[in-house]
Amino acid sequence: MPDRISKILSASGVASRREAERMISQGRVFVNGKAAEIGQSAEASIDEITVDGVLIKPEVSHVYIMLNKPTGYITTVSDDRGRKTVMELVSNVGVRVYPVGRLDMDSQGLLLMTNDGLFANALTHPSYNKPKTYEVKVSGNVDKALPLLRLPIIVDDREICAVAANSIKKTAAGGILRITINEGRNRQIRKMCAACGLDVQSLTRVCIGTLELGLLDVGKWRHLTESERKALCEVS
C-alpha cells in the first residue's frame, strides 16, 4: 500500500517526518533512481528508496532509549559548525536513533532517543503535555523568586507558568530548585528564572512524566522498559 515517502522514512527510523521532508527538498532522497518530491508516495516493499545513496529497508526493530546528556553537546543529528552532538554518545546502540525533542547545549539530563518515527511524532505533538521536571542551581534571592515562579510569567510574549516550583537546597549564592513545566519551549526555565531575578548556574532534566533519570551516569544511555515506553505514550 503506497505511503508518503516522508512517512516511510519516519517509520523506518531515518528521521522525523519534518526532517524527512527537508531531506527530500535537499535532493537527498531518490525513488527508483529518480529524485523524490515533497508529497510523493511510494510502496516501501516494492520501490527502491535511498537516502544519500543508502538503501532504506522498511523492516526495522524499534529501539527506545534514555540518555543522560552532558553539557556541551547539542541535541541534533549533525552540526555544520562542527560542535559535538548527542549522536556521538549513542554510536554503540546498534541502530541509528535520533533525539525526541531538545535539551539545549548548556543543559544536561534526561533525553529520549529512538528510531521509531511514530513514537517521536506522538511525543513532540502539541497535544503531548507530559510534565518535565528540572533541578536548577541558581544564584539570587530564592525566597523572593519562588512565589513569582508559581505565577503566570510573560516570556517571549507568551504567558507561561510552572506546574510546581520548590526549593530543595539552600546555597551561599542562592539554592537548588526543582521546577516542573508542561511546555518545553526554547530555554524556558532559564528565561523564567531570569524574569524572577535568578541566574541559572546549571540545569538538569530529571523527569519526563513518570520516567526518572535516576542513577544513570552522565553520558550513558539505557533501553526503556516496555512499561516505561507505554507510560510515555499515555495521553495526559
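These legends accompany several close-up views of one predicted model.

**Figure 1. The whole chain.**
The chain has 236 residues, and buried residues make up 44% of them. Its secondary structure comes to six helices and 17 strands. Taken along the principal axes, the C-alpha atoms fill a box of roughly 65 × 35 × 35 Å.

**Figure 2. The aromatic pair of Tyr64 and Phe119.**
The structure holds one aromatic pair. The ring centres of Tyr64 and Phe119 are 4.9 Å apart, and the ring planes stand at 70°, so the pair is edge-to-face. The two residues come from distant parts of the chain, 55 residues apart. Tyr64 belongs to strand S7 (residues 64–69), while Phe119 belongs to helix H3 (residues 117–124). Tyr64 counts as buried, at 15% relative accessibility. Phe119 also counts as buried, with a value of 4%.

**Figure 3. Arg229 and the ring of Tyr64.**
This view stays with Tyr64, the residue paired with Phe119 in the previous figure. The charged end of Arg229 sits over the ring of Tyr64. The distance from that charged end to the ring centre is 5.4 Å.

**Figure 4. Cysteines without a disulfide.**
The count of disulfides in this model comes to zero. Cys161 is in no disulfide, and the nearest cysteine sulfur, that of Cys196, is 10 Å away. Cys161 is partly exposed, with a relative accessible area of 36%. A disulfide needs the two sulfur atoms within 2.5 Å. Cys193 counts as buried, at 0% relative accessibility.

**Figure 5. The largest pocket.**
The volume of the largest pocket is about 1,700 Å³. It is lined by 47 residues, and those closest to its centre are Pro99, Val100, Gly101, Arg102 and Thr124. Which element gives the largest share of the lining? Helix H2 does, with five residues. By class, the lining of the largest pocket divides into 20 nonpolar, 13 polar and 14 charged residues.

**Figure 6. The second largest pocket.**
The second largest pocket has a volume of about 290 Å³. Its lining is made of 15 residues, and Gly13, Val14, Val54, Ile56 and Arg96 lie nearest its centre. Eight residues of this lining are nonpolar, three are polar and four are charged.

**Figure 7**
Rolling a probe the size of a water molecule over the atoms shows where empty space is left. How many cavities of 30 Å³ or more does a search of the whole structure find? The search finds one. The largest cavity has a volume of about 40 Å³. Its lining consists of Arg4, Ile5, Ser6, Glu21, Ile24, Ile38, Gly39 and Gln40. Helix H1 (5–11) and helix H2 are the elements that give two or more residues to this lining. By class, three of the lining residues are nonpolar, three are polar and two are charged.

Asp157 lies in the loop between strand S11 (153–155) and strand S12 (158–160). The phi angle of Asp157 is near 65°, a positive value in a residue other than glycine. Is Asp157 buried or exposed? Asp157 is exposed, with a relative accessible area of 78%.

**Figure 7. The loop that holds Arg187.**
Arg187 is found in the loop between strand S14 (174–181) and helix H5. Its phi angle is near 55°, again a positive value in a residue other than glycine. With a relative accessible area of 32%, Arg187 is partly exposed.

How values were computed:
Residues numbered from 1 in each chain as written. Predicted model: local features only at pLDDT ≥ 70, side-chain atom pairs only at ≥ 80, totals over all residues. Heavy atoms only, no water. Buried < 20%, exposed > 50% of the residue type's maximum accessible area, 1.4 Å probe, protein only. Phe/Tyr/Trp six-rings, centres within 6.5 Å; stacked < 30°, edge-to-face > 60°. Helix = DSSP H or I, 4+ residues; strand = E, 2+ residues; numbered from the N terminus. Lys NZ or Arg CZ within 6 Å of the ring centre and 35° of its normal. 1 Å grid on protein atoms, 1.4 Å probe; cavity = no way out; pocket = protein on both sides within 12 Å on 5 of 7 lines; lining within 4 Å. Points joined across faces, edges and corners; volume = space filled by probe spheres on them. Nonpolar A, V, L, I, M, F, W, Y, C, P; charged D, E, K, R; others polar.
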